[in-house]
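Q: I have a structure on screen and want to learn to read it. Can we start with the place where domains meet?

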Amino acid sequence: MSDIENLLRDDLRGRTPYGAPQLDVAVRLNTNENPYPPSAALLEDLARRVAEAAGTMNRYPDRDALELRGELAAYLSAATGAPLGVDQVWAANGSNEVLQQLLQAFGGPGRQALGFDPTYSMHRLICVGTGTDYLSVPRLPDFRLEAEAAALVVREHGPDVVFLCSPNNPTGTALDLDVISAVYDAARGLVVVDEAYAEFSTRPSAVTLLPGRDRLVVTRTMSKAFAFAAARLGYLAADPAVVEALQLVRLPYHLSVLTQAAARAALAHADELLATVEAVKAQRDRLVRDLRGLGLDVVPSDANFVLFGEFGDAAATWQGLLDRGVLVRDVGVPGWLRVTAGTEAETTTFLDALAAGLSDAERVAP
Ligand SMILES: *Cc1c(COP(=O)(O)O)cnc(C)c1O
């Protein structure tokens, strides 16, 4: 063992980092981004605002990002119908950083988080990074959660943090509010609802459950529907006391003046950015229909991606698609693959490549 391996924390030794492959492939449908790049109008506004902000680069940025948080609160209030104040919203460099700050404040060594797998792999990985024990509870065979059963397992284990994800990555399944409120009632700790894909869903947001539930936290991101993944901006809505607690662990000035300016530009163009959501949803629905048409199992999706299977050898199907220039995601659910809804042309390329691969497989079958 090398010196560095010896010096590394015991609980990190031998682990592999998060690593969705970043390959130079024509059609990339593996990380659930919005396929539409920013418009010329947004770029112009963004460049102007960023240049203006850069004029104050010699000074540290607003540590509390108050203007940005106020605008996020206004956006989220309008989107969910639940009034939110600036003191209920917190922002960081991607919702992953928000989740990390939550675990730094409410998890950590000697504490436990519980998640329902398969779910977003970063929930477990951020637990590892913060020394929080992660208890994995399996979903039902159709990947749903049932209110009573979920509440029971939460009551039985009494974790410090419960992760819910709705719509859930990688299954696309969304939670009805009664499941969230049942889990909340059964939990003694924080209940974090990861709503990274909420804009693609027609269900009411868990934000509407916040009044009177001070242990409930709803996380959101600008990386998916907002088409702003590279800017790195995630946020949460919660009781003001949760937001205050996060100030104990966040690094000072964590959100650069450039990030704050860029995110505010995107929010000023929210209607335009979110106008692509309907087009993406149409391709998602097409994926569900056409994959079923190919004789595959498809999990109903409220997000911008679809989990499909079942394959005897999902890794071989993944490679076959890559050989045809299409990158999808092997999320580690045996027999299943996940594909992001792209533009109409990208989705067509994927479906054609898959159909060609399936008929190849038939030809080699005995
Ligand atoms: C993509 C994704 C995120 C987003 O992470 P960012 O750090 O905001 O880019 C969060 N949660 C889930 C479930 C995701 O799939």
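A: Start with polar contacts. A polar contact is a pair of N or O atoms within 3.5 Å; within protein, one must be able to donate a hydrogen and the other to accept it, and residues adjacent in sequence count only if both atoms are side-chain atoms. Between domain 1 and domain 2 there are 7 residue pairs in polar contact, both residues at pLDDT 80 or more. This is a predicted model: local features need pLDDT of at least 70, side-chain atom pairs count only at pLDDT 80 or more, and totals for chains, interfaces and linings use all residues. Residues are numbered from 1 along each chain as its sequence is written, and side-chain values use heavy atoms, with hydrogens and water left out.

Q: Which elements give two or more residues to the side of domain 1 that touches domain 2?

A: Helices (H or I, at least four residues) and strands (E, at least two) are DSSP runs, numbered from the N terminus. Here the elements are helix 11 (276-293) and strand 10 (305-309). Helix 11 gives the largest share, 5 residues.

Q: What classes of residue are on that side of domain 1?

A: Ala, Val, Leu, Ile, Met, Phe, Trp, Tyr, Cys and Pro count as nonpolar, Asp, Glu, Lys and Arg as charged, and the others, Gly among them, as polar. The side of domain 1 that touches domain 2 has 12 nonpolar, 3 polar and 7 charged residues.

Q: Where do the two domains lie in the chain?

A: Domain bounds come from an automatic or database domain assignment. Domain 1 covers 3-30 + 276-364, and domain 2 covers 40-269. Their centres, taken over C-alpha atoms, are 25 Å apart. Domain 1 puts 22 residues into the contact and domain 2 puts in 24 (contact means heavy atoms within 4.5 Å).

Q: How much area do domain 1 and domain 2 bury between them?

A: Buried area is the accessible area (1.4 Å probe) that two parts lose on being put together, summed over both. For this pair the figure is about 1800 Å², with 63% of it on carbon and sulfur atoms. Tyr18, Asp302 and Phe305 supply 32% of the area that domain 1 buries against domain 2, more than any other three residues.

Q: How many salt bridges are there between domain 1 and domain 2?

A: A salt bridge is a side-chain nitrogen of Lys or Arg within 4 Å of a carboxyl oxygen of Asp or Glu. The count between the domains is 1. Arg203 pairs with Asp302 in a salt bridge, with the closest N and O atoms 3.2 Å apart.

Q: How many salt bridges does the structure hold?

A: There are 17. One of them joins Arg264 and Glu67, at 3.3 Å between the closest N and O atoms. Arg264 lies in helix 9 (residues 257-268) and Glu67 in helix 3 (residues 66-80), so the pair ties together parts that are 197 residues apart in sequence.

Q: Which residues are closest to the ligand?

A: A residue is near a molecule if one of its heavy atoms lies within 4 Å of it. The ligand is surrounded by 13 residues, and the closest are Ser95, Tyr197, Thr221, Ser223 and Lys224. A backbone N or O atom of Ser95 sits 2.6 Å from a ligand oxygen atom. For Asn96, a backbone N or O atom is 3.1 Å from an oxygen atom of the ligand. Lys224 places a polar side-chain atom 3.3 Å from a ligand oxygen atom.

Q: What should I check in the backbone?

A: Most residues other than glycine have a negative phi, and most peptide bonds are trans. Here Ser166 and Pro167 are joined by a cis peptide bond, with omega about -10 degrees. The bond from Asn169 to Pro170 is cis, with omega near 15 degrees. Pro167 is in the loop between strand 5 (161-165) and helix 7 (177-186). Pro170 is in the loop between strand 5 and helix 7. Arg232 has a positive phi, near 65 degrees, and is found in the loop between strand 7 (216-221) and strand 8 (234-238).
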